[in-house]
Amino acid sequence: MKGAFRTWLVALAALAVVAAACGEDEGSGGGATGGGIEPSKTYTSIGEPEGELNLIAWIGYVEDGTTEGGEAYDWVTPFEDDTGCNVNVTYGDTSDEMVTLMRQGGGTEYDGVSASGDATNRLIAAGDVGAIDPTLFPEFTNVIGPLNPDGGTNTAHYVVDGNVYGTPYMYGPNFLMYNTEEISPAPTSWDIVFESDSPAAGSVTAYNSPIYIADAAMYLMTHNPDLNITDPYELTQDQLDAAVELLKQQNGMISGYWALATDEIDGFVDGSMTAGTAWPYNLRFTDAPVDAALPTEGMTGWADTWMISANAPHPNCMLKWMDWTMQPEVQAEVSDWYGAAGSNVDSCQATKDFVQELYGKGAAADVDTIRYGFCGDADFLQSLYLWKTPLPDCGDDRGQTCTDYSEWTQKWTEIVG
Amino acid sequence: MAAIAEHQPRDDASSRASAYLFRHPRGRLALTLSAPLTWFLVVYIGSLLFLLANAFWSLDVLTSEVVRGFSLDNFQTLWENDVYRTITIRTVGIAAAVTITDVFLSFPLAYYAARLASPRARNAVLVAVVLPLWANYLVRIFAWKIMLTPNGFVNWLFELTGLGSLQLGRSNWAVWLTFVYVWLPFTLLPIYAALERLPTPLLEASSDLGAKDSRTFWKITFPLILPGIAAGSIFAFSLTLGDYITPEIVGNTQFIGNVIYDNVGVAGNTPLAAAFALVPIVIMAVYLFGAKRLGAFDAL
C-alpha cells in the first residue's frame, strides 16, 4: 500500500515537471492579442497543379456521381479531367471535427476545407488558413452583394481586417421547420421553440452546437431589448447568461437535439419532433407534412467558404478547386443536391436550368423559395445573422469584453446537461 | 571505416560487438527490448503525460490561447459547476448498469455454451456472440437507433403484448440498451473461459458430499468464475465509460466523452478537456484496483 502511494507521488511529481517544462519554452505563443490579424500566408498566384487534392468537406459538397441517388450530380470528375488533380475528400460531421482535421500534421495533410462561419474565424485567428488575392478568381465580381468582399457587409466570417480568406461557396438560413398537421396556424415567431406555453412543448428540437446560443440571443434582441444585444455572436457575460437562461428553459421542451441533418429528418418523420430550427436540406428530405416558417425575429444562417490551408501540400490544385467551385454551373448542382443557395448570382439561373432539366417544367419556380434559400435575394441574405465564431474581441467599442467560443462551449454543456 | 567494413565482413568492430553481446546476456536483452520500450515510453506514456500536463494549463480568456503554466482553474471549473458532476454520475451510473446487465445476460449463455451444450451447439453460440463484432460498430449503433424509433421494431414488439406503446428513442434507456448489446461479447467470452476451466471433479465432489445445486454454485462455481466476471466487467465498464458516439446517436444527454470532444476542436479548450479526461482515468484506476483484488488479471 505504502509502495503504491509512493508510486502515485512520483507520478504526480513527474506530471508537475512536464507541465512546468512545457511551460517554459513558450511563454505566450501567439500574436493575435488585440490589434489586427495578419494572414500567416497569402496566395497571390496559381501555378502548375500538383496532381492531388485533399479536401475536408460537409457531406454533399463534393459529389462525383457515385452517391446512391445522386448519379446526376457530378462536379468532381470534370474538375479532375480538366486539371489533373485527383480529388480525395474527408467528410466532417461537425465544425469541430473539421477544425481538428484541418490542424492535423500542422496543417500539411489537407489542402482546404468547406468551413462554416462557426469555425472560420477560429481558423483565421490561429493562422491555420491562408488569405487569397481575390483577383485570382474572375467570378468574384459575380458574388452576391452582401457576401462580396467588395462592399458587402455580411462578410465577417471570412473577410478579416481587409484580408480575404477563401472563396464563398453556398449559404442558407436556419429557418423554423414545423409539422403542419400538429401546429396550426403557421407560427410567426421563434416563441414556439423557446416559451414554455408553446403548443410544441415536448416535441421541440434544436441544433446541438454551441453556435445555437446565437439563435437565443437573436430572439432576445426582440424580446428583451434592455439587454442591448447588438450582434448575437458578440455577447458580453450578462447577455450570454440571459441567452443560456432561455436555452435552459427550452431544454425542458426538447424531445431531442439534432447534430446530423438525418437526426432531425428522422425525428420529424417518426413524429417525435414537431418544431425546430432547420436547414433547407432537412426540409427537402423530410418525408412528412412539414413546412418552413420565417419568424419575425429574423434568422441566423450560414455561409460556407472554401478555405486553403496556410501549409497546403497542393496549393495550386486547391486554388484551382476554389476557382472551379465559384462557377455558376457547379454551384447550381450543389444548390439542388444540398439545398442551399449559391454565392454566385449567376448560379440561380443555372440552378433553374438544372432542376428544370432534372424534374421538368415548374421546378424552376422552387429556386426562388426558401427551399433553395431564396437564391439571389440579396435583401434576404443581408437580413440573416450569419454564423461567425464568437471571439473575445467584440469588434466594437466594447473591446475585449465578449465571451468566446470556448466559453460558449462550456455553457452549451451546462444547457444540454 | 565504413568502406573498410564493407570489404572485410569479419572486421573487428562487428565481431567485437557480437562477442560482447554473447558474453553479456543483459546487453542482449536491452538491445532486444529497447525499440518496443522506447515506443511504449514515448508514444504511450509520453502522450499520456502530455495530456495530463495539459490539464494544468489554462485558456487565456482574452486571446483564447492555451497558457502553459501551472494552474488549477480547470479543476475549479469542473468542481464548481454542477453539470460536470451530473455528467460524471450519469456516465458512471450507466456504465455500472450496463456492466451488471451484461454479466447477468452473459452468465446463463456462457454456462450453457461451456458446460451443457454439445460441441456443435457451443460453436453455434460462440459464433453468434462473436459475429456482431465483425460488423462495424457504427452500423450496430444505427441499427439500434432505427429499432428504437417510435415506429420501430422494439415498439412494435411491445405493442403486440397489448400493454400500449414503449417510447425509448433518444433516452438514457436507449443508451443503456445499445451499450448492453454492443459490449455483451466482451463480458461473455471471459466468463465462458472461466466456466470452461471449471474442474468437473470439484463439482462432482461437492454433490457427492451432499451439497445441493445452489450450495455448489455459491461455494464452488461462483468463487472460481469470479475472476472471469471481474475481467469481463472491466471491458464493459471501461468501454462504456469512454464512449461518446453511442450517447450522441441514440441518446439525448451527454457523457464525459462528449464534453471532452466538444471542448477540443473549435472551442480549442484542450486544458479543460484534459482535466475532465482525468476523471474517467481515476475511476478506472480505482475499478482496476478492485478488480485486481478479485483476481481479474489472472483470468485475462
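**Overall form and helix packing**

Modeller: For a chain of 417 residues, a compact globule would have a radius of gyration near 22 Å, and the 23 Å of chain A agrees with this. The model is a predicted one, and the values below are computed from it. The C-alpha trace of chain A spans about 80 × 60 × 50 Å along its principal axes. Chain A contains 14 helices and 15 strands. Of its 417 residues, 53% count as buried. Among the contacts in chain A with a separation of 6 or more, 72% are accounted for by residues 24 or more positions apart.

Helix H3 (residues 25–54) of chain B and helix H14 (residues 270–293) of chain B have axes that come within 7 Å and cross at roughly 110°. An angle of 65 to 115 degrees counts as roughly perpendicular, and H3(B) and H14(B) are therefore roughly perpendicular to each other. On the side of H3(B), the contact is made by Leu51(B), Leu52(B) and Asn54(B). H14(B) contributes Thr270(B), Pro271(B), Ala274(B), Ala277(B) and Leu278(B). By class, the residues of this contact between H3(B) and H14(B) comprise 6 nonpolar, 2 polar and no charged.

Phe75(B) and Leu278(B) are 203 residues apart in sequence, yet their C-alpha atoms are 9.9 Å apart in space. Phe75(B) belongs to helix H4 (residues 73–80) of chain B. Phe75(B) has 15 other C-beta atoms within 10 Å and is therefore partly exposed, since a buried residue would need 20 or more and an exposed one 12 or fewer.

The axes of helix H5 (residues 82–116) of chain B and helix H9 (residues 172–197) of chain B come within 6 Å, with a crossing angle of roughly 40°. That angle makes H5(B) oblique to H9(B). The contact of H5(B) with H9(B) has 21 nonpolar, 4 polar and 3 charged residues. As for handedness, H5(B) passes H9(B) in a right-handed crossing.

Set side by side, the two pairs read as follows: H3(B) and H14(B) are roughly perpendicular, whereas H5(B) is oblique to H9(B). The contact of H3(B) with H14(B) has no charged residues, whereas that of H5(B) with H9(B) has 3.

Definitions and conventions
Residues are numbered from 1 along each chain as its sequence is written. Chains are lettered from A and ligands numbered from 1 in the order in which they are written. This is a predicted model: local features need pLDDT of at least 70, side-chain atom pairs count only at pLDDT 80 or more; totals for chains, interfaces and linings use all residues. Axes are lines fitted to C-alpha atoms, for helices over the stretch in contact, and angles run from 0 to 180 degrees between N-to-C directions. Helices (H or I, at least four residues) and strands (E, at least two) are DSSP runs, numbered from the N terminus. Angles under 35 degrees count as roughly parallel, over 145 as roughly antiparallel, 65 to 115 as roughly perpendicular and the rest as oblique. A crossing is left-handed if the near helix is turned anticlockwise from the far one by less than a right angle, and right-handed if clockwise. Ala, Val, Leu, Ile, Met, Phe, Trp, Tyr, Cys and Pro count as nonpolar, Asp, Glu, Lys and Arg as charged, and the others, Gly among them, as polar. The radius of gyration is taken over C-alpha atoms; the globule rule is 2.2 Å times the number of residues to the power 0.38. Two residues are in contact if their C-beta atoms, placed from the backbone, lie within 7 Å.
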